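User: I'd like to learn how to read a protein model feature by feature. Could you walk me through this one?

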Amino acid sequence: KANAQYRVQHKNGAYLWLDTIGKIIEEGEFKGNILLTSRDITEHKMAEIAMRNSEEKYRLIADNAYDGITIYDSTTFISIYQNPAVKEMLGYPSEAWLNQHLLEYVHPDDLTLVEQKVKEGLEKGEGSIQCRIKKSDSSYIWMEINGRVMHRDSDSPLLLFIVRDISQRKRAEEELIASEARLRY
């Protein structure tokens, strides 16, 4: 038994994709002959090619974005993708961040709030938060994280997070508050 997918040209000039299964007949008057069964899978193949092209375009955009992009599995909360901007912000090699739990690098003081926001985000389908995330040098940076639940046809949903380093903005806010406090006294 053998299986093959290939293209053939129709008499109208268009190309069709066929899926063919071949089997050698082992009994009867046709013993030793090959039985071929083919079916037209053109629509399926075209959809597959279009999806692959779309995925390649989105990957190109994500890999070249200035903001960090991370994707987590919604049942295990394990990381399955990070773009290069995340590596740049946090200093971890790409593979170090992969397969890590969502809460692994969250500052201990922010953990409860992040857990709460993740739960709310799963219920609403989206959410945002500002929290501190640990860098490879063990320091923390402030990040603004916007998340969205991405539903798929078969598997559990994915969690897409767009992350931005807002440490400078947080420092400026703190300096402004301190300055205003000094002026009041």
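This is a predicted model: local features need pLDDT of at least 70, side-chain atom pairs count only at pLDDT 80 or more; totals for chains, interfaces and linings use all residues.

User: Let's start with sheets. In what order do the three strands of the open sheet come?

Analyst: Ground rules first: helices (H or I, at least four residues) and strands (E, at least two) are DSSP runs, numbered from the N terminus. Two strands pair if DSSP finds at least two bridges between them. Here the order is β1-β2-β3, with antiparallel pairing. At the edges sit β1 (2–9) and β3 (34–40), each pairing on one side only. From one strand to the next, the twist averages 30 degrees.

User: How many bridges link β2 and β3?

Analyst: Seven, in the antiparallel sense, with β2 covering residues 15–24. To find your place by eye, look for Ile21, which stands opposite Thr37 in β3.

User: Which strands does helix α1 lie across?

Analyst: For angles, axes are lines fitted to C-alpha atoms (for helices, over the stretch in contact), and the angles run from 0 to 180 degrees between N-to-C directions. Helix α1, residues 42–63, lies across β1, β2 and β3 and runs at about 115 degrees to β2.

User: Thr42 is in that helix. Is Thr42 buried or exposed?

Analyst: The scale goes like this: buried is under 20% relative accessible area, exposed is over 50%, and partly exposed is in between (1.4 Å probe, protein chains only). Thr42 counts as buried because its relative accessibility is 16%. Contact means heavy atoms within 4.5 Å. Setting aside neighbours within four places in sequence, Thr42 touches Tyr15, Leu16 and Trp17.

User: Now β4. Why is β4 described as largely enclosed?

Analyst: Six of the six residues of β4 are buried, so the rest of the structure largely encloses this strand. Gly68, Thr70 and Tyr72 point one way, and Ile69, Ile71 and Asp73 point the other.

User: Which strands does β4 pair with?

Analyst: Six bridges join β4 to β8, running antiparallel, and Gly68 stands opposite Val163 there. Three bridges join β4 to β5, also antiparallel, with Ile71 opposite Tyr81. β4 and β5 form a hairpin with five residues between them, and Phe77 in the turn has a positive phi of about 60 degrees. Among the contacts of Phe77 beyond its neighbours within four places in sequence are Tyr72, His101 and Leu159.

User: How do I read pockets and cavities?

Analyst: Both are found on a 1 Å grid over the protein atoms alone: a cavity is a set of points where a 1.4 Å probe fits but cannot get out, and a pocket is an open set with protein on both sides within 12 Å along at least five of seven lines; lining residues have an atom within 4 Å of a point. Grid points are joined across faces, edges and corners, and a volume is the space filled by probe spheres set on the points.

User: Which residues lie nearest the centre of the largest pocket?

Analyst: Those are Glu55, Tyr58, Ile71, Met150 and Leu158, out of 18 lining residues. The largest pocket holds about 690 Å³ of space, and α1 gives the largest share of its lining, seven residues.

User: How many cavities of 30 Å³ or more does the structure hold?

Analyst: Two. The largest cavity has about 360 Å³ of space. Its lining has 28 residues, with Leu102, Val118, Ile129, Ile145 and Phe161 nearest the centre.

Terms used:
Residues are numbered from 1 along each chain as its sequence is written. Side-chain values use heavy atoms; hydrogens and water are left out.
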